[in-house]
Each structure stands twice: as structure tokens, then as C-alpha cells.
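Good morning, and thank you for coming.

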Amino acid sequence: MDFIYESNRIYKADDTNKVIAEVTFPKISDIGVSDATVNLNHTFVDKSLRGQGIAGKLMEALATRLRKENKKAILTCPYAIDWFEKHTEYSDILANRED
């Protein structure tokens, strides 16, 4: 699946430009958190695509991008928290609040 990459989100739109899948990850500027840290705060997949592994593909695309850009993620999205618990091979991109 071809995704569209923006500075703080990765998404897929249909032929009418309606967003049908996305993950958002705004940069965090909290004290004690590096500039290279994002908040993985939202994952969405349209009901027409559910059950096809699209959310997982979004997570993999995000993980690959964060590794390439030397960024870390704090997880606040429930889906992302669950996904990263099951995919420990990507634990290197997870940040602690103390980082």
C-alpha cells in the first residue's frame, strides 16, 4: 500500500481525497523530552479497510521512518501501545519521558 508522508503524519486517501487510514505523531516539546521525540497519538483505519492489516502497515512505515530520522516515540495511542508490545523488534524507537 502506498502511503503519503507528511512531517507529522502518514496516511492513505481514497480517490475522493478522503483519509481512509492514518497515523499521527506530532513533535513533542515538553521539558525533559528531546526535540527528536514524537507523540504517536492517533491511528485510524476506515471501516472499509479493517481486518486487512493496514494499521500494522502504518506502524511499520512509521517505525522505519523514525529509525531513518533518528527519532523516538512516546506512545499515547492505545492501538500503538498494543502494537509495540507485540512487536518488540521496534522497541529501539521508543522513548522514556526521562530521555
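How many salt bridges does a search of the whole structure find? The search finds seven, where a salt bridge is a side-chain nitrogen of Lys or Arg within 4 Å of a carboxyl oxygen of Asp or Glu.

Before the details, a word on the basis of these values. This is a predicted model, in which local features need pLDDT of at least 70 and side-chain atom pairs count only at pLDDT 80 or more, while totals for chains, interfaces and linings use all residues. Residues are numbered from 1 along each chain as its sequence is written, and side-chain values use heavy atoms, with hydrogens and water left out. The pLDDT is the predictor's confidence in each residue, from 0 to 100. The protein averages 91, and 90% of the residues score at least 70. Helices (H or I, at least four residues) and strands (E, at least two) are DSSP runs, numbered from the N terminus.

Let me turn to one of the salt bridges. Arginine 9 and glutamate 22 meet through their side chains at 2.9 Å, N to O. This pair links distant parts of the chain, with arginine 9 in strand 2 (residues 9-13) and glutamate 22 in strand 3, 13 residues apart. Are the two partners buried or exposed? Both arginine 9 and glutamate 22 are buried; buried means under 20% relative accessible area, exposed over 50%, and partly exposed in between, with a 1.4 Å probe and protein chains only. Glutamate 22 has a relative accessible area of 13%, which is why it is classed as buried. Arg9 and Glu22 also belong to a network of salt bridges that includes Glu6.

The side chain of glutamate 69 forms a salt bridge with that of arginine 65 at 3.2 Å, N to O, and another with that of lysine 71 at 3.4 Å, N to O. Arginine 65 is buried, because its relative accessible area is 14%. Glutamate 69, at 35%, is partly exposed, and lysine 71, at 26%, is partly exposed as well.

Next, the sheet that holds glutamate 22. Glutamate 22 lies in strand 3 (residues 19-24). An open sheet of four strands has the order 1-2-3-5, with antiparallel pairing; two strands pair if DSSP finds at least two bridges between them. Strand 1 (4-5) and strand 5 (42-45) stand at the edges with a single partner strand each, so one side of each has no neighbour in the sheet. Strand 3 and strand 5 are joined in the antiparallel sense over four bridges, and the bridge partner of glutamate 22 in strand 5 is phenylalanine 44. Leaving aside residues up to four places away in sequence, glutamate 22 touches Arg9, Ile10, Tyr11, His42, Thr43, Phe44 and Leu58, a contact being heavy atoms within 4.5 Å.

Strand 4 has a parallel partner. Four bridges join strand 4 to strand 6, and the two run parallel. In strand 6, alanine 73 is the bridge partner of valine 38. Which residues of strand 4 point one way, and which the other way? Thr37 and Asn39 point one way, Val38 and Leu40 the other, and all are buried. In a regular strand the side chains alternate between the two faces of the sheet.

Threonine 76 is partly exposed, because its relative accessibility is 41%. The C-alpha atoms of threonine 76 and leucine 40 are 6.0 Å apart, although the residues are 36 apart in sequence. Its side chain makes a polar contact (2.6 Å) with that of asparagine 39; such a contact is a pair of N or O atoms within 3.5 Å, where within protein one must be able to donate a hydrogen and the other to accept it, and residues adjacent in sequence count only if both atoms are side-chain atoms.

I close with the core. The largest nonpolar core has 26 residues, of which Ile10, Val23, Leu40 and Phe84 touch the most other members; a nonpolar core is a set of buried Ala, Val, Leu, Ile, Met, Phe, Trp, Tyr and Cys residues joined through side-chain atoms within 4.5 Å. Strand 3, strand 4, helix 1 (54-68), strand 6 and helix 2 each give two or more residues to this core, and helix 1 gives the most, with eight.
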